[in-house]
Amino acid sequence: MNKFKQISTKSGFLKNNGGLLFRKIKNNKFEFKTKIKKIHLNRSQITHGGYICSIIDAGVGTAAHTLVNGKSCVTISLDIKFISPTRYNDQIIGSVSVDKKTKSLIFLRCTLKSKNKIIASASGIWKY
């Protein structure tokens with residue numbers, strides 16, 4: 001199994017917010033992870049939904065980018081269901097799987113977990 005690598009190497013939103021680690025598990029399976037910091041919390045002291053959306057978009061988008069050997073990919077749609085909250089210092093792990101790949105689109109699915117509990121699920125389409 002491959003080791004996690006930092007994908008947030010250039011300045012920008014994710015690097016400024018702690019980065020995101022990513023790895024390929026096998027041909028159509030990927031994982032990404034991050035640890036929740038105080039800057040990721042909302043007023044209720046749980047992880048802000050916008051941050052959850054951002055890491056899903058980046059992690060699943062990186063999987064799409066990897067599947068097409070580094071070609072440019074853009075998010076066409078992303079449907080996210082929030083299931084359970086996370087808090088400061090929690091580690092979040094995203095599992096990505098490929099539903100379908102066509103000549104120009106990739107359909108992907110993601111489950112986010114923390115402490116072996118599902119916190120969010122998502123499905124989306126990326127164009128390359």
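The model, which is predicted, holds an open sheet of seven strands in the order 1-2-3-5-6-7-4, with antiparallel pairing. Strand 1 (5-6) and strand 4 (74-82) stand at the edges, each with a single partner strand, so one side of each has no neighbour in the sheet. Two strands count as paired if DSSP finds at least two bridges between them, and helices (H or I, at least four residues) and strands (E, at least two) are DSSP runs numbered from the N terminus.

Strand 4 is joined by eight bridges to strand 7 (residues 117-127), and the two run antiparallel; Ser-77 stands opposite Ile-125 in strand 7.

| Element | Residues |
|---|---|
| Strand 1 | 5-6 |
| Strand 4 | 74-82 |
| Strand 7 | 117-127 |

Helix 2 (residues 49-67) has 19 residues, which at 1.5 Å a residue should span 27 Å, and its end C-alpha atoms are 27 Å apart, in agreement; the expected span is 1.5 Å times one less than the number of residues. Its buried residues include Tyr-51, Ile-52, Ile-55 and Leu-67, where buried means under 20% relative accessible area, exposed over 50% and partly exposed in between, with a 1.4 Å probe and protein chains only. Thr-62, which also lies in helix 2, counts as buried because its relative accessibility is 17%. Leaving aside neighbours within four places in sequence, Thr-62 is in contact with Ile-7 and Phe-22, contact meaning heavy atoms within 4.5 Å. Just after helix 2, Asn-69 takes a positive phi of about 55°.

Residues are numbered from 1 along each chain as its sequence is written, and side-chain values use heavy atoms, with hydrogens and water left out. In this predicted model, local features need pLDDT of at least 70 and side-chain atom pairs count only at pLDDT 80 or more, whereas totals for chains, interfaces and linings use all residues.
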